[in-house]
Amino acid sequence: MAPPQRCPLCRQTFFCGRGHVYSRKHQRQLKEALERLLPQVEAARKAVRAAQVERYVPEHDRCCWCPCCGCEVRKHLSHGNLTVLHGGLLEHLASPEHKKATNKFWWENKASAQMKEKFLISPQDYARFKKSMVKSLDSYEEKEDEVIKEMAAQIREIEQSRQEVVRSVLEPQAEPDPEEGSSALGSWEAANGHVASSSQQVSHLDLQRVPELDWMETGQHLTFIGHQDTPGVGNIHSGATPPWMIQEEEHSSGNLPIGPSYEEFLREKEKQKLKKLPPERVGANFDHSSNTSAGWLPSFGRVWNNGRRWQSRHQFKTEAATRSKQPHKGKS
């Protein structure tokens, strides 16, 4: 019996020796693993002649799985704030370690020999990629320099416009013409005299007696209810003491307590305790201050009595008999 072996593609242990690599399941798993890597390798081959350089973003740290080497490989090559697309995968495919691992993988899994060249990058292609990468980096730096120059020009224009605004505000205004100043002074004096005369007229009118209004005039929608002066009691217009001053004098003369009494405090404290209880409890709306007799409780069932049921039954019968005898005594 052949020793057990572990297949990383099928992820199982088999005991049939080398015959497992020829099985349908193994060949299907091998094909799926190579097809997952093939589109990424083809995209990297397109970047050999025209390398692309972009600004670094966190998405450029993605990796892909190489089934030949059994490890993860970074797809892109990043340095600082720049990223060369597909640079990491091309570097891995052109390495001698990957070529050695690919030959071993093809031999162990009996893969198609025609597909092996698709997963390898020759040293000449990798050197061509390095040249295109240098050109792309130079062109990217030139574009960045142009963008920086444009931004600097915009900043200078904005700063210049701000300085012009500040300069226009701080510049001293032109001195007024003496002739214009004299004419302006004359107009100001004339306007001031007109205002003074109008104010004198208003003050003269204020001194006149204001006629009383006739409340019974037609067209007035107000009702005159007469004077409300209380005889013998003055008001603030007649020089009497204001009511708030009288209240203060009364309070100062007496020894009235300030604030609620102790009984009111206890009642409020009891209300605060009742607020914490559920509002829909039994007896929440019961008025404890009402006058009730001792017989307000129901007399059936004996639910408030202690003891056995037969005792409650006998007690109920005796009470019923006494109630039935009371009307006979009244008749007699």
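Q: Why is Val169 called exposed?
A: The cut-offs are under 20% relative accessible area for buried, over 50% for exposed, and partly exposed in between (1.4 Å probe, protein chains only). Val169 comes in at 64% relative accessibility, so it counts as exposed. Its place is in helix α4. Before going on: this is a predicted model, where local features need pLDDT of at least 70 and side-chain atom pairs count only at pLDDT 80 or more, while totals for chains, interfaces and linings use all residues. Residues are numbered from 1 along each chain as its sequence is written, and side-chain values use heavy atoms, with hydrogens and water left out.

Q: What makes the nonpolar surface patch with Val169?
A: Val165, Val166, Val169 and Leu170 make it, and it covers about 420 Å². Patch residues must have over 30% relative accessible area and no salt bridge; nonpolar side chains (Val, Leu, Ile, Met, Phe, Trp, Tyr) are joined within 5 Å, like charges within 9 Å. Areas come from the Shrake-Rupley method with a 1.4 Å probe, and for residues only the protein chains shown count as cover.

Q: Which residues gather in a patch of negative charge?
A: Asp138, Glu141, Glu142, Asp145, Glu146 and Glu150 do, on the surface. Asp and Glu count as negative, Lys and Arg as positive, and His and the chain ends are not counted. Each charge is placed at CG of Asp, CD of Glu, NZ of Lys or CZ of Arg. Asp138 has a relative accessible area of 40%, so it is partly exposed.

Q: How do you know that Asp138 sits in a helix?
A: Helices are DSSP runs of H or I with at least four residues, strands are runs of E with at least two, and both are numbered from the N terminus. Asp138 has its place in helix α4, residues 123-170.

Q: What does the UniProt annotation "coiled-coil region" cover?
A: According to the unreviewed entry, residues 137-168. UniProt positions follow the numbering used here, feature names are shortened, and annotations may be inferred rather than shown by experiment. In the model that span is 100% helix and 0% strand, with its end C-alpha atoms 47 Å apart.

Q: Why is the contact between Arg55 and Glu144 called a salt bridge?
A: The term asks for a side-chain nitrogen of Lys or Arg within 4 Å of a carboxyl oxygen of Asp or Glu. Here the closest N and O atoms are 3.1 Å apart. Arg55 lies in strand β3 (residues 53-55) and Glu144 in helix α4, so the pair ties together parts that are 89 residues apart in sequence. Arg55, at 45%, counts as partly exposed, and Glu144 counts as partly exposed at 23%.

Q: How many salt bridges does a search of the whole structure find?
A: It finds 3. One of them joins the side chains of Asp125 and Arg128, at 2.7 Å from N to O. Those two are 3 residues apart in helix α4, so about one helical turn separates them. Asp61 and Arg74 also meet in a salt bridge, at 2.9 Å.

Q: What makes the phi of His86 worth a look?
A: Most residues other than glycine have a negative phi. His86 is not a glycine, yet its phi is positive, about 65°. With a relative accessible area of 18%, His86 is buried. Lys110 also has a positive phi, about 55°, but counts as partly exposed at 27%.
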